Amino acid sequence: MPEGDSVWRAARRLNRGLQGHRLTHTDFRVPQHATVDLCGVTVLGTAAHGKHMLTRFDDGTTLHTHFRMDGSWTVLLSGRHLPRHLEPDVRVRLVSERGEQGYGLSIPVVELVPTRDEHRVIGHLGPDPLRPDWDATEAVRRLASDPQRAAVAALLDQRLLAGLGNLWVNELLFVRGHNPWVPVGDLDLDATVDTAARMLRQSIAVRGNGQVTTGDPRAGHEHWVYGRVGLPCRRCGSRVRVAAEVPGDAERRRTYWCPTCQPGPRGRK
């Protein structure tokens, strides 16, 4: 699932394949950029911030993409071809002078902006644990700004702390032993932010670990509560519960929790 660590890994793939190389073919399959041709420009590099990705070119242009739920980037070596069934999903194609090809698939946000104006698309984001400018103190300050807000909603707010998606927030709250709906001000925010940063960094640092939170990468064993509704809690044996998502309400995402390990407003029902 495309959360902050997934986007960071996608940026790394693009850097390995395209960074420092001139483009010989570009194809933007979105209406607003359908006629744009970046042939001849050089890829300076790609950076991630939360769930956003910025690919910078030496002509002063930045390609801003956002994965949302289904987007992804893949890089193919020279001579390789994208599987035919994925062709309808292509939104961006970048081909380097060496033949490597970067494909943006099913990406809902594709926009070209002047590099000097990147702040217009990412300036609202909070600190990101995977960036070199990570500022834990600032993340804590932002999370504490509305202490009565439900913890699950505050931690998902990219303006406060960038990079955590639903999977990471559900797993983080279980690991910390917090009910998802307690006020965020009731949490030990320094410890919570530290744990969140360590979880994201573990995900990108350990080869093959991916989004494993239990330490067990076997299929069906990766997570404590996420996606495990009705199954026994790995710690206490209680049945994991889920609160359904309310479409269009950013405060009410699908939430998994253990009512025994995370007692609180809904956990006692």
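Residues are numbered from 1 along each chain as its sequence is written, and side-chain values use heavy atoms, with hydrogens and water left out. Because the model is predicted, local features need pLDDT of at least 70 and side-chain atom pairs count only at pLDDT 80 or more, while totals for chains, interfaces and linings use all residues.

Helices (H or I, at least four residues) and strands (E, at least two) are DSSP runs, numbered from the N terminus. Four strands form an open sheet in the order β1-β6-β7-β5, and their pairing is antiparallel. Strands count as paired if DSSP finds at least two bridges between them. β1 (23–28) and β5 (72–76) stand at the edges. Each has a single partner strand, so one side of each is left without a neighbour in the sheet. From one strand to the next, the twist averages 10 degrees. Strands β6 (residues 90–96) and β7 (residues 101–105) run antiparallel and are joined by five bridges. Within this pairing, L94 has G102 of β7 as its bridge partner.

Helix α1 (residues 4–18) lies across β5, β6 and β7. Its direction is at about 25 degrees to β5. Axes here are lines fitted to C-alpha atoms, for helices over the stretch in contact, and angles run from 0 to 180 degrees between N-to-C directions.

Helix α3 spans residues 136–143. Its buried residues (under 20% relative accessible area; exposed is over 50%, partly exposed in between; 1.4 Å probe, protein chains only) are E138, A139, V140 and L143. Their cover includes α4 (151–156) and α6 (189–205), with contact meaning heavy atoms within 4.5 Å. At the start of α3, a side-chain oxygen of D135 comes to within 3.2 Å of the backbone nitrogen of T137.

Helix α5 (166–176) is mostly covered, with nine of its eleven residues buried. Among them are W168, E171 and F174. The elements covering the buried residues of α5 include α1, α4, α6 and β10. Just after α5, G177 takes a positive phi of about 75 degrees.

Three aromatic pairs are present in the structure. Rings of Phe, Tyr and Trp (its six-membered ring) pair if their centres lie within 6.5 Å; planes under 30 degrees apart count as stacked, over 60 as edge-to-face and the rest as tilted. W181 and W257 form an edge-to-face pair, at 4.7 Å centre to centre and 85 degrees between the planes. W181 lies in the loop between α5 and α6, and W257 in strand β10 (residues 255–257), so the pair ties together parts that are 76 residues apart in sequence. Both tryptophans are buried. Y226 and Y256 also pair edge-to-face, with 5.2 Å centre to centre and 65 degrees between the planes. Y226 lies in the loop between α6 and β9 (241–243) and Y256 in β10, so this pair ties together parts that are 30 residues apart in sequence. Y226 and Y256 are both buried.

A charged group also meets a ring. The charged end of R235 sits over the ring of W224, 5.0 Å from its centre. The criterion is NZ of Lys or CZ of Arg within 6 Å of the ring centre and within 35 degrees of the ring normal.

E118 lies in the loop between β8 (109–114) and α2 (119–122). E118 is buried, with a relative accessible area of 9%. Not counting residues up to four places away in sequence, E118 touches L54, R56, T62 and G123.

Key. Polar contact = N/O pair within 3.5 Å; in protein donor to acceptor, adjacent residues only side chain to side chain.
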